[in-house]
Amino acid sequence: MARVSPLLMHLILFVILFSVSHAKGNSSSEAVTLLRIQRLLNLPAVFSRSYKYSNFCNIEPSLSFTIICYEGKITQLHIIGEKNAPLLPKNFSMNLFVTTLVRLPSLKVLTLVSLGLWGPLPGKISKLSALEILNVTSNFLYGVIPQELSSLSNLQTIVLDDNMFSGPLQDWMSSFPLLAVFSAKKNLLNASLPNTLSGLESLRVLGLSHNHLFGEVPDLSGLTNLQVLELDDNAFGPQFPKLGKKLVTLVLSKNKFRSGIPAEVSSYYQLERLDISCNMFVGPFPPTLLSLPSITYLNVSQNKLTGMLFENLSCNAELQSVDLSSNLLAGSLPTCLLSDSKDNVVLYARNCLSVGNQSQHPLPYCRNEALAVGIIPERSKQKRASKSILALGIVGGIFGGVVLVSLIFVAHRRMNTNKVMKKSPTRSITENASSGYTSKLLSDARYISQTMKLGALGLPSYRTFSLDELEEATNNFDTSTFMGEGSHGQMYRGQLKDGSFVAIRCLKLKTTHSTQNFMHHIEHILKLRHRHLVSALGHCYECYLDDSSVSRIFLVFEYVPNGTLRSWISEGHPRRSLTWTQRILAAIGIANGIQFLQTGIIPGLYSNNLKITDVLLDQNLVAKISSYNLPLLEETIEQVGQGVSSGASTSSHGRARMKHGATDVHDFGVIVLEMIKGRPVKSRTQVGVLKDQLQVVIAADDAARRSMVDPRVKQTCLAQSLMTMMEICFRCLHNEPADRPSFDDILWNLQYAAQVQDAWQQGECPSSDGSPISPSQPPRLTF
């Protein structure tokens with residue numbers, strides 16, 4: 001046997017010792033990193049049993065903290081906090097936290113849930129090059145999703161739910177060859193989806209619910225592995241998306257879809273859950289959806305689906321929940337849905353079905369409504385097509401004659417501009433800026449002073465838009481830009497040439513009037529520019545060419561994309577909630593906006609029927625009132641041209657203004673009530689009950705008052721601030737209008753509540769005896 005030289009023996013021994021020392025050094029480094037993470041997150045001690053650096057991988061796993069190692073290196077780190085965890089302190093740095101995390105280079109799975117993390121997600125997280133799963137659900141991360149993530153070629157799962165990420169999903173999303181799960185539900189994403197999503201061939205789950213995304217859904221039919229698609233509560237539409245046939249869950253509810261249901265949906269044989277409710281789907285309801293071999297949940301409610309149902313239709317035996325309500329269905333309810341099982345839910349009200357135990361419309365209602373949404377029987381379509389061809393021929397002949405006549409009369413028309421042409425059978429659209437408002441209006445001192453104030457709002461001056469501008473901004477009023485319809489016309493989203501977004505309200509007139517009839521309305525509207533209003537930017541008339549009479553009016557407003565105040569308080573976003581201070585500031589903003597409507601313009605706007613869903617939040621969480629009592633919207637067409645109140649008051653007018661102003665105060669109180677409770681307040685009865693509860697807890701102790709407060713903020717609001725807000729709310733809800741406070745008094749007290757809260761948060765109170773420092777201006781209301 002050959003002998004090993006002493007030199008070689010020493011070399012082998014050195015290598016062994018160095019390897020052991022190096023491994024111990026790596027373990028020591030990762031243990032130090034864990035201790036730093038523990039301190040940054042204010043967590044209980046990780047090494048609760050005094051583990052040595054060499055055996056931290058043996059820490060007992062728990063529901064809140066788990067470490068998994070491989071060959072002495074940390075490969076998985078799971079940290080899960082308590083539900084609704086508050087923000088980490090002001091001195092927390094997301095950048096420093098991620099800088100610490102990347103010292104675990106072998107990390108493959110990272111779970112950071114409900115920890116109160118806040119700030120932008122730094123791009124340096126891409127230094128975790130081995131990362132396969134990233135889950136940062138239920139935190140307060142904001143800003144755009146960092147592009148640097150695209151360099152993580154091993155990434156298979158990204159879960160960003162319940163944060164405040166904004167902006168678009170970028171084209172670099174296609175850079176994840178192995179990505180199987182992407183979920184960013186309950187965020188503030190606000191753009192259309194990139195077509196590059198169709199290149200994620202490994203994608204199995206795509207969740208984008210509860211955002212502000214809009215436009216057409218890209219063609220996803222090539223994603224042959226896609227099983228779960230959740231796009232609800234956005235503004236997608238109008239066409240039903242093109243999808244693969246392996247879907248198990250498809251949720252499209254609360255969007256802007258306005259097409260029919262394509263036939264291929266009936267071949268989604270693996271589909272278990274289908275929800276397309278709260279859209280405007282039209283056309284026949286496919287009864288084969290009831291018998292899909294895997295279907296267990298089906299919801300098509302609140303659409304415009306038509307068709308006849310029959311008793312002998314078949315259903316999947318596993319179908320447990322069906323909602324057909326609020327459509328235009330007729331016939332008989334299928335016998336297979338009439339199960340005696342208590343576990344099964346079948347809803348079908350507000351159709352035209354021949355059943356008696358859930359309220360139905362009479363049969364003509366569904367026929368008329370179907371025609372109203374453009375669903376025409378085949379024979380009628382053929383007749384209409386024939387009439388259209390005939391009409392085109394007639395119009396073509398008349399048009400040639402009109403051109404000839406126009407040439408003859410053009411000279412005479414130029415000499416006498418006041419003479420009105422004879423009615424022309426063809427209709428054209430024109431926009432004449434001079435007819436919008438006269439030089440008198442432009443020289444009006446109040447108008448000019450009002451316009452000069454706009455610079456402080458960061459808004460352009462009020463102006464007349466051309467119809468071409470609005471058509472280009474909305475892609476010729478494409479259905480994908482449609483935002484909704486109410487008694488005050490249709491709303492569209494548009495993007496102007498300068499890149500700014502606008503909201504466009506279209507008002508169709510029943511009878512024609514000249515532009516001069518609307519002068520007083522335009523004078524009123526152009527004054528509605530305020531920090532806490534969704535401000536008017538301009539208008540456009542659609543006119544008949546022959547006599548310049550107005551057929552439609554378009555009102556252009558600023559676009560506020562950050563959702564309603566309710567969505568930040570009590571609906572849909574349990575983690576995306578306003579702090580107590582932010583709620584006070586929102587209340588101050590709303591009160592300022594209402595006060596401006598009542599007293600900042602002449603005549604003032606009263607009885608605005610304000611609801612919490614009428615208050616929007618901009619990118620800085622500034623509250624803006626989006627719906628108020630514009631005379632142009634409220635007056636009937638018969639009243640147009642009769643003028644509005646000049647504001648010169650008699651005693652009866654003064655009393656009327658006081659009464660209607662008190663109505664606005666009551667509506668404001670209901671909004672504040674929901675901000676305190678953190679739950680929707682939806683009925684007068686509920687308001688009355690909660691008002692009585694307020695009266696009881698105001699007279700009780702602090703613990704009783706906090707029992708009525710939203711759990712997410714009740715530990716962070718100062719007792720004196722809470723007491724003031726409750727007293728304001730109670731007084732606003734008083735049954736007698738004369739006993740409700742003025743907005744001057746409301747604002748005085750809201751400022752007081754904000755001041756003491758801010759002083760407490762800045763460490764200026766409480767004082768040594770525990771009582772808060774008194775602000776410079778005490779409350780004005782006597783309760």
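Trainee: Which residues of helix 14 meet helix 16?
Mentor: On the helix 14 side you have K691, L694, Q695, V697 and I698, and they meet M723, M726, E727, C729 and F730 of helix 16. Keep in mind that this is a predicted model.

Trainee: Noted. At what angle do the axes of helix 14 and helix 16 cross?
Mentor: Roughly 140°, and the axes come within 10 Å. Helix 14 covers residues 684–698 and helix 16 covers 719–732.

Trainee: So why are the two called oblique to each other?
Mentor: Because roughly antiparallel needs an angle over 145 degrees, and this crossing is at roughly 140°. Helix 14 and helix 16 are therefore oblique.

Trainee: Is the crossing of those helices left-handed or right-handed?
Mentor: The crossing of helix 14 and helix 16 is left-handed.

Trainee: How many disulfides does the structure hold, then?
Mentor: Two. One of the pairs is C315 with C336, with the sulfur atoms 1.9 Å apart. That pair links distant parts of the chain, 21 residues apart: C315 sits in the loop between strand 19 (304–309) and strand 20 (321–323), and C336 in the loop between strand 21 (328–331) and strand 22 (345–347).

Trainee: How accessible is C336?
Mentor: C336 has 34% relative accessibility, so it counts as partly exposed.

Trainee: What about C352, which cysteine does it pair with?
Mentor: C352 forms a disulfide with C366, and their sulfur atoms are 2.0 Å apart. Here too distant parts of the chain are linked, 14 residues apart, with C352 in strand 23 (residues 352–353) and C366 in helix 3 (residues 363–372).

Trainee: Right-handed or left-handed, that C352 and C366 disulfide?
Mentor: The torsion about the S-S bond is about 95°, so the disulfide is right-handed.

Trainee: And are its cysteines buried or exposed?
Mentor: C352 is buried with a relative accessible area of 7%, and C366 is buried with 4%.

Trainee: Strand 23 came up just now. Which strand pairs with strand 23 over two bridges?
Mentor: Strand 21 does, in the parallel sense. One of the partner pairs is G331 with L353 of strand 23.

Trainee: And how many bridges hold strand 19 to strand 21?
Mentor: Four, again in the parallel sense. G331 turns up here as well, as the bridge partner of L309.

Trainee: Which way do the residues of strand 21 point?
Mentor: L328 and A330 point one way, L329 and G331 the other, and all of them are buried. In a regular strand the side chains alternate between the two faces of the sheet.

Trainee: Let's jump elsewhere. In what order do the strands of the four-stranded open sheet run?
Mentor: The order is 4-6-8-10, with parallel pairing. The edges are strand 4 (118–120) and strand 10 (188–189), each pairing on one side only.

Trainee: And how many bridges join strand 6 and strand 8?
Mentor: Two, between strand 6 (residues 140–143) and strand 8 (residues 164–167). G143 has F165 of strand 8 as its bridge partner.

Trainee: Last one: what is phi for N609, and where does N609 lie?
Mentor: N609 has a positive phi of about 50° although it isn't a glycine. You'll find N609 in the loop between helix 11 (580–600) and strand 31 (615–617). At 52% relative accessibility, N609 counts as exposed.

Terms used:
Residues numbered from 1 in each chain as written. Predicted model: local features only at pLDDT ≥ 70, side-chain atom pairs only at ≥ 80, totals over all residues. Heavy atoms only, no water. Disulfide = S-S within 2.5 Å. Buried < 20%, exposed > 50% of the residue type's maximum accessible area, 1.4 Å probe, protein only. Pairing = 2+ DSSP bridges. Axes fitted to C-alpha atoms, helices over the stretch in contact; angles between N-to-C directions. Parallel < 35°, antiparallel > 145°, perpendicular 65-115°, else oblique. Left-handed = near helix turned anticlockwise from the far one by under 90°. Contact = heavy atoms within 4.5 Å.
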